[in-house]
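This briefing is intended for reading alongside the sequence and the model.

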Amino acid sequence: MSLMEEYNPLKGETFKILKPDGTLELGASPPIDDQKTLTLYQKMLFIRLADQRCLSLQRQGRFGTYAPIWGQEACQVGSAYLLQKGDWVFPAFREIGATLMMGIPLKTYLLYWMGNEMGSRAPEGINVMPVSIPVGTHMLHAVGAAWAAKIKGEKEITLTFFGDGATSQGDFHEAMNFAGVFKTPTVFFCQNNQFAISVPRSMQTASATLAQKAIAYGFDGVQVDGNDLFAVIVATREAVDKARAGQGPTLIEGVTFRFGPHTTADDPTKYRTEEEVEPWKPLDPLVRLRLYLKGKTLWSEEVEQRMTEEAQKEIDEAVKEAEAVPVPQPEDIFKYVYAEMTPPLKEQLEYVKSTLT
Ligand SMILES: Cc1ncc(C[n+]2csc(CCOP(=O)(O)OP(=O)(O)O)c2C)c(N)n1
């Protein structure tokens, strides 16, 4: 029986493999070998450290704003790592993990949050669309691109990330409906991190799960423990294989938690209590993977220290390179709208300039 058949989201069961103490659920086995697990742990650690650096850069005035991934690493690493060359990722705005997994250089990602448009430019051959700030719009693009691939008879699939809040947008329902009708090769990955800025999951929908929304559109949905790298891999692998085999879309709901602020522009203590955060701490995706690897004698304090030092060096280098790129000028905003600036644009540019001098 496939995972999707076994875990009907209406039953309200969450698919899990790795327990918080680092042992496996009864009868479960890991979908990847130990060496691969260690490699993915290292990626998750790198992403967490890079994320922390991004937060610091914002606090030091070296970034405009930033939306941290902190806590959602397993959702993004476990899913993006399954994609093949030619596949596409359509991210929202919290996807440092998936973006780096796809091969976008950290320097490029940093440039985006430094306000440089070059940060939205993926190197040739890396199929990651730019950060999408409008909530939910990119899901439609993911479906459109998948439909195009299907029409052309290509085997590429699209993977799109979004939050629990995005499921209340019309775009989500349009994308899901279209994907269901046209059986597009799309994997919808909802990172249910419990909040849409200050709105808790309980206020987002009266549905018991977000995964069950797939049922209305005629395709599979499954709820997995999004802090369990192994569960994310198993669910995404099934969804990816199905999409590539021409069997249409899947909705995966990864149940996770955003440890940090929504972005650097808000203070989470204003809308959630420490008591709400506390139970999630032992469920941290890195902590439980570390325990698992420790049980296999593949993790130790020394391993962690070596990986951390290596990562920090690479991050230092990326920050240095990104900050060496000339800072964009305000007039750049006006330059590329038309081949030639229209009179109102010229007027607006003059006005902006006058406010800067
Ligand atoms: C169309 C639109 N409406 C509102 C906003 C403001 N906004 C930015 S993020 C956000 C909440 C998104 O929550 P969710 O989809 O759960 O993703 P998360 O931030 O939790 O990753 C809102 C309302 C926006 N960017 N776009």
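In this predicted model, an N or O atom in the side chain of His262 is 3.2 Å from an oxygen atom of the ligand, which is a polar contact (a pair of N or O atoms within 3.5 Å; within protein, one must be able to donate a hydrogen and the other to accept it, and residues adjacent in sequence count only if both atoms are side-chain atoms). The protein covers 70% of the 580 Å² of accessible area that the ligand has on its own; accessible areas come from the Shrake-Rupley method with a 1.4 Å probe, and for residues only the protein chains shown count as cover.

Residues are numbered from 1 along each chain as its sequence is written. Because the model is predicted, local features need pLDDT of at least 70 and side-chain atom pairs count only at pLDDT 80 or more, while totals for chains, interfaces and linings use all residues; side-chain values use heavy atoms, with hydrogens and water left out.

**Ligand surroundings**

- Of the 15 residues around the ligand, those that come nearest are Arg94, Gly165, Ala166, Asn193 and Phe195; a residue is near a molecule or strand if one of its heavy atoms lies within 4 Å of it.
- Arg94 places a polar side-chain atom 2.7 Å from an oxygen atom of the ligand.
- Phe195 instead has a backbone N or O atom 2.8 Å from an oxygen atom of the ligand.
- The shell around the ligand consists of eight nonpolar, five polar and two charged residues, where Ala, Val, Leu, Ile, Met, Phe, Trp, Tyr, Cys and Pro count as nonpolar, Asp, Glu, Lys and Arg as charged, and the others, Gly among them, as polar.

**Cysteines**

- A search of the whole structure finds zero disulfides, a disulfide being a pair of cysteine sulfur atoms within 2.5 Å.
- The sulfur of Cys75 is too far for a bond, because the closest cysteine sulfur, in Cys190, is 9.0 Å away.
- Cys75 is buried at 0% relative accessibility, and Cys190 is also buried, at 1%; buried means under 20% relative accessible area, exposed over 50%, and partly exposed in between (1.4 Å probe, protein chains only).

**Helix α2**

- Helix α2 (residues 34-59) has 26 residues and reaches 37 Å from its first C-alpha to its last, close to the 38 Å expected at 1.5 Å a residue; the expected span is 1.5 Å times one less than the number of residues.
- Helices (H or I, at least four residues) and strands (E, at least two) are DSSP runs, numbered from the N terminus.
- At the start of α2, a side-chain oxygen of Asp33 comes to within 3.2 Å of the backbone nitrogen of Gln35.

**Loop between α5 and α6**

- Val128 lies in the loop between α5 (106-113) and α6 (137-151) and is buried at 7% relative accessibility.
- The C-alpha atoms of Val128 and Leu100 are 9.7 Å apart in space, although the two residues are 28 residues apart in sequence.
- Ser132 is found in the loop between α5 and α6 and is buried at 8% relative accessibility; its side chain forms a polar contact of 3.4 Å with that of Thr137.

- Lys183, which is not a glycine, has a positive phi of about 45°; Lys183 sits in the loop between α7 (170-182) and β3 (186-192) and is partly exposed, at 43% relative accessible area.
- Thr297, also not a glycine, has a positive phi of about 55°; Thr297 is in the loop between α12 (285-295) and α13 (301-324) and is exposed, at 71% relative accessible area.
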